[in-house]
Amino acid sequence: MLHRGHESTDGTDGGELTVPMAWLYAEYIADELLRTGDLMPPTSFEFRAGRDALALTIFLSDTGGELSRIRVVSQLETWLSLTAYDQPWQDWVCERMAEVSAEAARSGGPAPDLELATAAWRWLEETELLAPDLDAVPGGGPVVAEDDGPKVWTPAWQLGLPLGHLAIHLF
């Protein structure tokens, strides 16, 4: 039985269990894109950042409630344009999260997809990962290895977004 398009329900225990199908599907697609690209270990925080940024992009770009029926290949260009370097992705996410939240409030029902998307967005915004400082001007001698270069704490979404974008390109 489907409930509100994306959420599967099963009230066998007297209560209603609502499964966040749209979010889980978006996360699955993002995971597959990143694993196919083989850019980093799936257990790394960077992989999680890429997966969450891509899953948010996939989930929030589904304005017609058709995520489970889409062909991934048909959406790759959309996701590429949303994750491109010159796009205001963070602003877009905030705007779409507000729209999806307003829709959920109007419906009055459970919104587990939105809860998981909100948790992912909070993690991406609040978690900082140590990354190479691409803006640093190396001073002195040459850097022997990439790991020896200057590092800076960076919000997870700023690492995950280009990783997700590259994974789409490699797909």
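## Salt bridges

In this predicted model, Arg-51 is buried, its relative accessible area of 19% falling under the 20% cut-off. Arg-51 forms a salt bridge with Glu-27, in which the closest N and O atoms are 3.9 Å apart. This pair links distant parts of the chain, since Arg-51 belongs to helix α2 and Glu-27 to helix α1, 24 residues apart. Glu-27 is partly exposed, with a relative accessible area of 23%.

Within helix α2, Arg-48 and Asp-52 are four residues apart and therefore separated by about one helical turn, and their side chains meet in a salt bridge with an N to O distance of 3.5 Å. Arg-48 is partly exposed at 30% relative accessible area, whereas Asp-52 counts as buried at 3%. Glu-27, Arg-48, Arg-51 and Asp-52 are linked in a network of salt bridges. The structure holds five salt bridges, and one of them joins Glu-99 to Arg-96, with the closest N and O atoms 2.6 Å apart. Both Glu-99 and Arg-96 lie in helix α4, three residues apart, which is about one turn of the helix; Glu-99 is partly exposed at 39% relative accessibility, while Arg-96 is buried at 8%.

## Nonpolar core

The largest nonpolar core contains 42 residues, of which Leu-56, Trp-89 and Leu-124 touch the most other members. Helices α1, α2, α3, α4, α5 and α6 each supply at least two residues of this core, and α2 gives the most, with nine residues. In soluble globular proteins, nonpolar side chains tend to be buried together.

Leaving aside residues up to four places away in sequence, Trp-89 touches a set of residues that includes Leu-56, Thr-83, Leu-124 and Leu-161.

## Thr-83 in helix α3

Thr-83 is located in helix α3, which covers residues 72–83, and counts as buried at 3% relative accessibility. The side chain of Thr-83 reaches two backbone oxygens, that of Trp-79 at 2.8 Å and that of Leu-80 at 3.3 Å. Not counting residues up to four places away in sequence, Thr-83 touches Thr-57, Trp-89, Leu-161, His-165 and Ile-168.

## Surface and loop

Met-21, Leu-24 and Leu-116 form a nonpolar patch on the surface, with about 230 Å² of accessible area together. Leu-24 lies in helix α1 and is partly exposed, with a relative accessible area of 38%.

Asp-38 lies in the loop between α1 and α2, and is exposed, with a relative accessible area of 64%. The phi angle of Asp-38 is near 50°, a positive value in a residue other than glycine.

Terms used
Residues are numbered from 1 along each chain as its sequence is written. This is a predicted model: local features need pLDDT of at least 70, side-chain atom pairs count only at pLDDT 80 or more; totals for chains, interfaces and linings use all residues. Side-chain values use heavy atoms; hydrogens and water are left out. Buried means under 20% relative accessible area, exposed over 50%, partly exposed in between (1.4 Å probe, protein chains only). A polar contact is a pair of N or O atoms within 3.5 Å; within protein, one must be able to donate a hydrogen and the other to accept it, and residues adjacent in sequence count only if both atoms are side-chain atoms. Contact means heavy atoms within 4.5 Å. A nonpolar core is a set of buried Ala, Val, Leu, Ile, Met, Phe, Trp, Tyr and Cys residues joined through side-chain atoms within 4.5 Å. Patches are made of residues with over 30% relative accessible area and no salt bridge: like charges are joined within 9 Å, nonpolar side chains (Val, Leu, Ile, Met, Phe, Trp, Tyr) within 5 Å. Accessible areas come from the Shrake-Rupley method with a 1.4 Å probe; for residues, only the protein chains shown count as cover. A salt bridge is a side-chain nitrogen of Lys or Arg within 4 Å of a carboxyl oxygen of Asp or Glu.
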